[in-house]
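Please look through the sequence and the structure below before reading on.

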Amino acid sequence: MRVLGFVGTRADLFPLAPVLVQLAGNPDVELHVATAVGFPAGTAASRLREAGLQDGAFVHHDLGLHLDDASALGQLALGPKLSGNMAELIQRSKPDAVVVLGDRWELLYVVPAVVVSGVRLVHLHGGEVTEGALDERVRHAVTKLADQHCVSTAGAARRVAQLGESPERIHQTGAPGLDRFREPNPLTEEEFQAEFGRPLIRPLLMVTYHPPTAEMSGNAGALARQVFDESIAAAGTAILTYPGFDAGRHEIVAELEEIAAGGTAIVRESLGPLYPRVMATIDALVGNSSSGILEAATFSVPVVNVGDRQKGRESGANVIHCRDERPGIHASIEKALSAEFQELARQVVNPYGDSHSSERIERVVVGSGRTPLTKAFIDIGAGE
């Protein structure tokens, strides 16, 4: 069986990698991986290796398209080229199934090429809710185009069913990104010093703030800066990472560059393969990243989820939700670092799964050919 996985950004690669590694290890699967959008020229291959994909275990297709302009116009200009390149790749490689994850805008251009070519589409992380992001609409659109749905929670499965998908196409597998966290391994103080060039002074906060893309008003930089400032003020050490490739990215990156120049925090574009170990080391996660909703509970890490980007998404009791306002951010970080909330977080069970999702997803992908391409719309309650 020939399987093609699409990876648009490093953020997608992180949760998708365990699935790709699982498929690459199956002797009955010939794995192909296409990359584009969030990987500058010549960098994708090394990122795939960092994620655990070994040379010779898969075929890499760099679609040669990188998003330099993260504005809406930049996305709309790149999209048709991405669709064309993906269609050409499908014709050349002739996959039996294509695997995509999530809700990124680029899937609006990738997925139609798969569907029109008559190739089965397996979608991961459908049925979730993020009311404050454009991703919300993309995710549900991809659900209706997909043939198989590997969802993370019972709530997500219910929502996919509400969209008219039949039960035999819906599989509650859990979130595959958690598979990378089966054995949390914190950094020692010596390892932290060697990696970041400064001592580990607690509390240690990790901060990621993405543009709230559903209703962008051109103030992404200002919104992000208040999150960064409040986090730095509360932390002994703060690690700040870059946002995703959404409209407003450049404004946030400008703020991060200014902070990096001042030396008040550690600023990294990405933590790459070091991410699980950093997550196992931190005292709290701050921002609006899906990582705080999906993954932090596995590490018993308190989370301050700022604003509406993740609004409506299921979360554990380790997550504190607050508005994009300084007083609320300040109070929420203070609460997250309190002894009482730290103890509460240690007791949380992650609603997104048990770190064994990739095996289940592999079975769905391998068996996807047994389900016909034609789909019936299932009316809930019909005939009652």
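A residue is called buried when its relative accessible area is under 20%, exposed when this area is over 50%, and partly exposed in between, using a 1.4 Å probe and protein chains only. The model is predicted, so local features need pLDDT of at least 70 and side-chain atom pairs count only at pLDDT 80 or more, while totals for chains, interfaces and linings use all residues. Residues are numbered from 1 along each chain as its sequence is written, and side-chain values use heavy atoms, with hydrogens and water left out.

By this cut-off H210 is buried, because its relative accessible area is 13%. H210 lies in the loop between β8 and α8, where helices (H or I, at least four residues) and strands (E, at least two) are DSSP runs numbered from the N terminus. Its side chain reaches the backbone nitrogen of G244 at 2.8 Å. Leaving out residues up to four places away in sequence, H210 touches Y242, P243, G244, I252, N288, S289 and R309, a contact being heavy atoms within 4.5 Å.

The strand β8 belongs to an open sheet of six strands, ordered β10-β9-β8-β11-β12-β13 with parallel pairing; two strands pair if DSSP finds at least two bridges between them. At the edges stand β10 (266-268) and β13 (319-322), each of which pairs on one side only.

| Pair | Bridges |
|---|---|
| β8 and β9 | five bridges |
| β1 and β4 | three bridges |
| β4 and β5 | five bridges |

Within these pairs, V207 has L240 of β9 as its bridge partner, L4 has V98 of β4, and V99 has V122 of β5. Strand β4 is covered on both faces, with A97, V99 and L101 buried on one side and V98 and V100 buried on the other. In a regular strand the side chains alternate between the two faces of the sheet.

A nonpolar core is a set of buried Ala, Val, Leu, Ile, Met, Phe, Trp, Tyr and Cys residues joined through side-chain atoms within 4.5 Å. The largest such core has 29 residues, of which F6, L82 and M86 touch the most other members. Helix α4 gives the most to this core, with six residues. Apart from neighbours within four places in sequence, M86 is in contact with L4, F6, L63, V98, V110, A113 and V114. A second, separate core of 28 residues includes A235, V286, V306 and F341.

Terms used: Polar contact = N/O pair within 3.5 Å; in protein donor to acceptor, adjacent residues only side chain to side chain.
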